[in-house]
Amino acid sequence: MGYMTSRYAARGAGRLHHGSIFLLPAVFLLFGFSLSAQAGKKAPPHATSAKPVKAPPVAVIHTTIGDMKCTLFPDKSPKAVSTFIGLAKGTKSWKNPVTNKQMYGKPLYDGVIFHRVIPDFVISAGDPTGTGNGDAGFEVSDKLQPDLLFDQPGRLALANRAAVPSTSSSQFFITEKDLPFLNPCLDEGGCPQVNRSKGTGYIILGQCDDSTVELVKRIARMPCSGGPTCSQSNSRPLTPVKIVHIEIQSGSGTATKPAAKNPADTKTVSPIKPAPPKSAPPRN
């Protein structure tokens with residue numbers, strides 16, 4: 001219809017003005033009710049999304065007969081994991097026990113063999129000399145965790161001397177089965193059942209997957225230098241498996257937190273059994 005001309009606008013102005021005297025109070029009243037209703041409504045709270053949990057780093061151990069995959073525990077064993085990653089990448093300095101020279105920029109584990117293998121127990125590596133007597137030229141320690149036990153196959157842990165954590169270095173082992181006699185001793189009176197004093201044990205720094213455990217079993221059952229079958233007294237492989245390189249895959253994405261256990265579902269832990277004669281604890 002278009003805008004009104006000034007003449008029609010002037011004529012209707014009087015009628016609109018007088019009629020508005022009665023309409024304005026009602027308009028203001030309705031407007032007031034609307035404001036009070038809106039004020040009474042509370043804005044819905046903003047939904048706070050849960051912070052994603054960063055997935056832990058994974059060590060892929062490339063060997064001459066296949067790959068091993070182990071998830072690391074930087075939250076449980078930060079010093080041990082940091083050292084392991086640094087030696088694997090070559091970003092941590094170490095002393096070559098063969099040449100006695102300080103090394104940096106060269107991954108320690110490249111070319112290192114699994115020098116000690118025992119069926120139903122562990123396979124060990126991490127010695128640059130390949131004899132089981134060498135290390136990185138320094139020692140690393142970490143806190144033993146009471147809830148981190150050798151209660152399943154595929155535990156990745158640091159070897160040491162006499163089960164003393166502070167003597168750990170570059171050598172590590174992977175378990176073939178659950179080995180409760182390797183669990184940390186944290187009792188005040190020591191652990192006579194495994195003939196160890198308080199504060200002894202092995203630093204667990206990761207958990208390897210099922211396919212890795214199968215590869216561990218295969219390596220442990222290869223011919224040994226002193227006979228067809230490896231054992232505690234004959235643990236040197238005839239043709240040792242070699243580590244080509246340890247690749248560290250940075251944690252990314254999200255990891256699902258394990259659900260809290262129901263107290264009613266908690267199983268009673270049986271006493272630790274003494275170590276079988278053929279399965280002495282890993283050592284450097």
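Reader: What should I know about the model and its numbering?
Author: The model is predicted: local features need pLDDT of at least 70, side-chain atom pairs count only at pLDDT 80 or more, and totals for chains, interfaces and linings use all residues. Residues are numbered from 1 along each chain as its sequence is written, and side-chain values use heavy atoms, with hydrogens and water left out.

Reader: Which residues of strand E8 are buried on each side?
Author: In a regular strand the side chains alternate between the two faces of the sheet. Strands (E, at least two residues) and helices (H or I, at least four) are DSSP runs, numbered from the N terminus. In E8 (residues 172–175), Phe172 and Ile174 are buried on one side, and Phe173 and Thr175 on the other. Buried means under 20% relative accessible area, with a 1.4 Å probe and protein chains only.

Reader: How many bridges join E8 to strand E7, and how many to E6?
Author: Two strands pair if DSSP finds at least two bridges between them. E7 (residues 155–158) is joined to E8 by three bridges, antiparallel, with alanine 157 opposite phenylalanine 173. E6 (residues 122–125) pairs with E8 over four bridges, also antiparallel; here alanine 125 has phenylalanine 172 as its bridge partner.

Reader: What surrounds threonine 175?
Author: Contact means heavy atoms within 4.5 Å. Leaving out residues up to four places away in sequence, threonine 175 touches several residues, among them Phe121, Phe150, Arg155 and Val216. A polar atom of the threonine 175 side chain lies 2.9 Å from the backbone nitrogen of arginine 155. The relative accessible area of threonine 175 is 0%.

Reader: How many aromatic pairs are there, and what describes one?
Author: A pair of aromatic rings is described by the distance of the centres and the angle of the planes. Rings of Phe, Tyr and Trp (its six-membered ring) pair if their centres lie within 6.5 Å; planes under 30 degrees apart count as stacked, over 60 as edge-to-face and the rest as tilted. The structure holds seven such pairs. Phenylalanine 84 and tyrosine 109 have ring centres 5.3 Å apart and planes at 40°, so this pair is tilted. Phenylalanine 84 is in helix H2 (residues 78–89) and tyrosine 109 in the loop between E4 and E5, 25 residues apart.

Reader: Which pair involves strand E8?
Author: Phenylalanine 150 and phenylalanine 173 are stacked, 6.0 Å centre to centre with 15° between the planes. Phenylalanine 150 is in the loop between E6 and E7, 23 residues from phenylalanine 173 in E8. Both are buried.

Technical notes. Buried means under 20% relative accessible area, exposed over 50%, partly exposed in between (1.4 Å probe, protein chains only). A polar contact is a pair of N or O atoms within 3.5 Å; within protein, one must be able to donate a hydrogen and the other to accept it, and residues adjacent in sequence count only if both atoms are side-chain atoms.
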